[in-house]
Amino acid sequence: MLKFQVHSPGKVILHGEHAVVYHKPALAAVVGLGTKLQLRSQEGSQVASFQLDALNCTLEINLQEFNAFLTNFRQKYPGDKLDSTAKLMEEVRSEVSKQLERSVGSTPKQHTQRAFISIYYLLAGAVLTAPNQPTLTLQTGFQVHVDTELNVGAGLGSSASYGAALATAFLILAGHFDQSSYLQDENLALISHWAYESERVNHGTPSGVDNTVCTYGGILRFVKGQGFQSLKIHKPLNILLVDSRVSRSTADIVAKVRHLAEDFPQLIEAIWQACEQLVNSAVPLYESFGNAQDDSQKFEKLERLFQINNDLLKAIGVTHPKLEQIFTIAFKRGFFSKLTGAGAGGYAIVLLPENFECNEVYWKLKEELEGAGFGVHVTTAGGEGLRVTSLDN
């Protein structure tokens, strides 16, 4: 009986948000919070069921219907190796739409629909590309339970984390690799590829940042259209993730900044160049931090970079009164913070020193932020990526 658990982390942007849209470098780091997926095969069952706690729904796939879909796709596109996934996406959207109409009787909520398309698409993709099994079908039902610590739509990479967890589970199910070999380079690349495909269902044209960092972990430097480099870090940073509890539309904020750049092109370009210099200054600090030599001095420099970065983001108008409240509470206690991601709400990051738990001021900071109604999570930035473990029961 197949049973295992996948933990797929979320991410934060440490530096370079917004500037990255204009082809400047940014740094993304994996966070300690993430998505947990458990898969258990069900002998004698012909149903794959998916309990999605974040969406408060359960979805089911009848394996007989799913296998018929696979057969039809193979007949329609004989020899297709899915080098281009556009045809599969189109066929899945059509099939899911028919199935939802039949089973629900009315159109379900958009996020439920997208979740079902992601699941169907990734499962079909994993089976259709199964190594050395050109006619593979699924004969045994299974149960999948997905739970997440990541708020949806808050800039923490929740959809990529979800996609990476699903992709890993389905690739194991279809025999691409197993629990002992998933960390091999080619298998991580495969997970990241299908997590990206899942992101396409949710975001249309994702940057590729979230799926990469959620799969591989650590801290990545990236430039739009130029790929990624992993930073060689010694240990993760301690951070406080603070939820402003203000929701916002990333697309709207990016459009607002674009208008600002059109009105004041030279001024905003100077800010993007400053953001680029900031990333270039930050990389050697992150790479040398934790080797026990002058760590306190390096930490102070990182704090200064956090402050400068936050002020640059304020200059382009992407702060919010609730974020300002977080910054003020942190600063008066001697901590440095910045918004992360699109801004205008979402999360802020507070940088925490070594042994912060022994510091009475830290506990006062946490208490004051919670008392003000913010969501507070103590975690790390730059830790390990996706992991698969055994399930004992």
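**View 1. Ile219, Ile233, Lys235, Pro236, Leu237, Tyr286, Phe289 and Ala381 line the largest cavity.** The model shown is predicted; local features need pLDDT of at least 70, side-chain atom pairs count only at pLDDT 80 or more, and totals for chains, interfaces and linings use all residues. Residues are numbered from 1 along each chain as its sequence is written, and side-chain values use heavy atoms, with hydrogens and water left out. A cavity is a set of points, on a 1 Å grid over the protein atoms alone, where a 1.4 Å probe fits but cannot get out; lining residues have an atom within 4 Å of a point. A search of the whole structure finds one cavity of 30 Å³ or more. The volume of the largest cavity is about 50 Å³, a volume being the space filled by probe spheres set on the points. Its lining has seven nonpolar, no polar and one charged residues (Ala, Val, Leu, Ile, Met, Phe, Trp, Tyr, Cys and Pro count as nonpolar, Asp, Glu, Lys and Arg as charged, and the others, Gly among them, as polar).

**View 2. Phe50 and Phe170 form an edge-to-face aromatic pair.** Rings of Phe, Tyr and Trp (its six-membered ring) pair if their centres lie within 6.5 Å; planes under 30 degrees apart count as stacked, over 60 as edge-to-face and the rest as tilted. The whole structure holds 13 aromatic pairs. Phe50 belongs to strand S3 (residues 47–52) and Phe170 to helix H4 (residues 158–173), so the pair ties together parts 120 residues apart in sequence. Helices (H or I, at least four residues) and strands (E, at least two) are DSSP runs, numbered from the N terminus. Phe50 is buried at 0% relative accessibility, and Phe170 is buried with a relative accessible area of 0%. Buried means under 20% relative accessible area, exposed over 50%, and partly exposed in between (1.4 Å probe, protein chains only).

**View 3. Phe289 and Phe299 form a tilted aromatic pair.** Their ring centres are 6.3 Å apart, with 35° between the planes. Phe289 lies in the loop between helix H8 (265–288) and helix H9 (295–315), and Phe299 in helix H9, so the pair ties together parts that are 10 residues apart in sequence. Phe289 is buried at 5% relative accessible area, and Phe299 is buried at 9%. Phe289 is also one of the residues lining the largest cavity.

**View 4. Phe66, Phe69, Phe116 and Tyr120 are linked by ring pairs into a cluster.**

**View 5. Gln64 lies in helix H1 (residues 63–76).** Gln64 is exposed, with 61% relative accessible area. The C-alpha atoms of Gln64 and Val47 are separated by 8.4 Å, with the two residues 17 apart along the chain.

Definitions and conventions:
1 Å grid on protein atoms, 1.4 Å probe; cavity = no way out; pocket = protein on both sides within 12 Å on 5 of 7 lines; lining within 4 Å.
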